[in-house]
Amino acid sequence: MTLKLGVIGTGAIGQEHIRRCSHVLQGAKVVAVSDINLKGAADAVKRLGLDAEVLSDGKEVINAANVDALLVTSWDPTHEEFVLAAIAAGKPVFCEKPLAVTAAGCKRIVDAEMNFGRRLVQTGFMRPYDQGYKALKKVIDSGEIGQPLMLHCAHRNPNVDDSYTTDMAITNTLIHELSVLRWLIDDDYASAQVIYPRATINTHAKLRDPQIVLLETVKGVRIDVEIFVNCQYGYDIQTEVVGEKGIASLPEPASVLLRSQAKRSNAILTDWKDRFIDAYDAELQDFINGVINGELTGPSAWDGYAASVAADACVAAQNNPGVVNISLPPRPAFYER
Ligand code: NAI
Ligand code: NAD
Ligand code: ISE
């Protein structure tokens, strides 16, 4: 069977996901696309050599008779509406992170999916598919470093444009850590605090950059995450887990050790597309296989909700010098793995 996909949002990641579904992965083909920028969508179809219709809006893509499943890759605030419409149409949907920009929005999706009675949603958290994170989790689960006590993390992008604002450091960027770290150490968050160091000269009026988020988990683990989205030098993701008997760090991406011009050096990647390219391939192949086999097993709408409950608290902490509590309701049986 070839799964016929409709894609809503043909910007940076929309085009990347269309490329991989059309030319890299097995079992799917893109038959319809849409973007608020219709010319951008038409250009993408042409550039990627697709035999796909450009439809005038996202709802048309969702309801198109020849579309079996959806990819939502439009801007963050549009995700909730499209995912709810896909569930209403009874069609499986892969939605880029964040599932919605607030926990309340994610909860509406969770409720709609549970009402439907079967999993239809996969959230685009790709890090659990990354070989480095998988290897790190294996070491933690083996007990070799003892129980995790502290995590030191960084999420650095070379730069962002003027549409990226202070809250997006949480809802658009930290959301990856909020999702992957609870999976990595099998824990949940209890509180959050945000600290602003001296601001970089490379930011703009609506973005405080960098930021440090301090999290405490239910088991008492302390986590610090530096978010620095105008760091200039590269796209750099760091995770160090300090345990009772040792320390385990996320592997660096493979790169050639170069000896040249009196220096030893390794290149640092600059683009998220390259840093997690294999993980994006794996998460989408998993989605395609899951839809074809009738069972989605990747990051769920509940995982999207859990990350957004913590994100809401971090956004509140951005505007409040104190510590903000985080309380995630128990996971419904519907989402038990
Ligand atoms: P982008 O700005 O390049 O693309 C977004 C596209 O969505 C644009 O083409 C825009 O015209 C379109 N769009 C916006 N509203 C729309 C609507 N109502 N209907 C149809 N199209 C609409 O952004 P980018 O970087 O591609 O990000 C898209 C999404 O992917 C975001 O939610 C972002 O958080 C997520 N993302 C995830 C990454 C990951 O590592 N998982 C990496 C980059 C982005
Ligand atoms: P982008 O700005 O390049 O693309 C967004 C696209 O959405 C644009 O083409 C825009 O025109 C379109 N769009 C906006 N509103 C729309 C609407 N109502 N209907 C249809 N299209 C609409 O952004 P991007 O970098 O591709 O990010 C897109 C999404 O992917 C974001 O949600 C982002 O968080 C997510 N993302 C995830 C990762 C990841 O690592 N998983 C990486 C990048 C982006
Ligand atoms: C982007 O949307 C992503 O999801 C990238 O993975 C992340 O590193 C970046 O900060 C976001 O803007």
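Helices and strands are DSSP runs, helices of at least four residues and strands of at least two, and both are numbered from the N terminus. On that basis, helix α7, residues 168-185, provides the largest share of the shell around ligand 3, namely 3 residues. The structure described here is a predicted model. Across the chain the mean pLDDT is 98, and 100% of the residues reach 70 or more. The scores of the model are ipTM 0.82 and pTM 0.94.

The surroundings of ligand 3 consist of N157, N172, T173, H176, V229 and W272. By class, this shell holds 2 nonpolar residues, 4 polar residues and no charged ones.

Ligand 1 is surrounded by 25 residues, of which G9, G11, A12, S74 and E96 are the closest. Helix α1, spanning residues 12-23, makes the largest contribution to the shell around ligand 1, with 3 residues. The composition of the shell around ligand 1 is 8 nonpolar, 13 polar and 4 charged residues. Around ligand 2 there are 24 residues, and those that come nearest are G9, G11, A12, S74 and E96. Helix α1 also gives the largest share of the shell around ligand 2, again 3 residues. The shell around ligand 2 comprises 7 nonpolar, 13 polar and 4 charged residues.

The domain assignment divides the chain into domain 1, formed by 3-125 + 277-298, and domain 2, formed by 128-270 + 307-335. The centres of the two domains, taken over C-alpha atoms, are separated by 26 Å.

An open sheet is formed by 6 strands with parallel pairing, in the order β3-β2-β1-β4-β5-β6.

Helix α4, residues 79-88, is mostly covered, with 7 of its 10 residues buried. The buried positions in α4 are H79, E80, F82, V83, A85, A86 and I87. An α-helix has 3.6 residues a turn, so residues three or four places apart point the same way. The elements that cover the buried residues of α4 include the strands β1 (3-8), β4, β5 and β6, together with the helices α3 (58-63) and α5. Just after α4, G90 adopts a positive phi of about 70°.

A further set of pairings involves strand β8, residues 189-195. Strand β8 pairs with strand β9 (residues 211-217) in the antiparallel sense over 6 bridges. In this pairing, Y189 lies opposite T217 of β9. Strand β8 is also joined by 2 bridges to strand β15 (residues 324-325), and these two strands run antiparallel. Here S191 lies opposite N325 of β15. In a regular strand the side chains alternate between the two faces of the sheet.

V225 counts as buried because it has 24 C-beta neighbours inside 10 Å, the threshold for burial being 20 or more. Apart from residues up to four places away in sequence, V225 touches C153, H155, L174, E177 and V213. The C-alpha atoms of V225 and L151 are 8.2 Å apart, although the two residues are separated by 74 residues along the chain.

Definitions and conventions. Residues numbered from 1 in each chain as written. Chains lettered and ligands numbered in written order. Predicted model: local features only at pLDDT ≥ 70, side-chain atom pairs only at ≥ 80, totals over all residues. Near = placed C-beta within 6 Å. Nonpolar A, V, L, I, M, F, W, Y, C, P; charged D, E, K, R; others polar. Pairing = 2+ DSSP bridges. Domains from an automatic or database assignment. pLDDT = per-residue confidence, 0-100. Buried ≥ 20, exposed ≤ 12 C-beta atoms within 10 Å, placed from the backbone. Contact = placed C-beta atoms within 7 Å.
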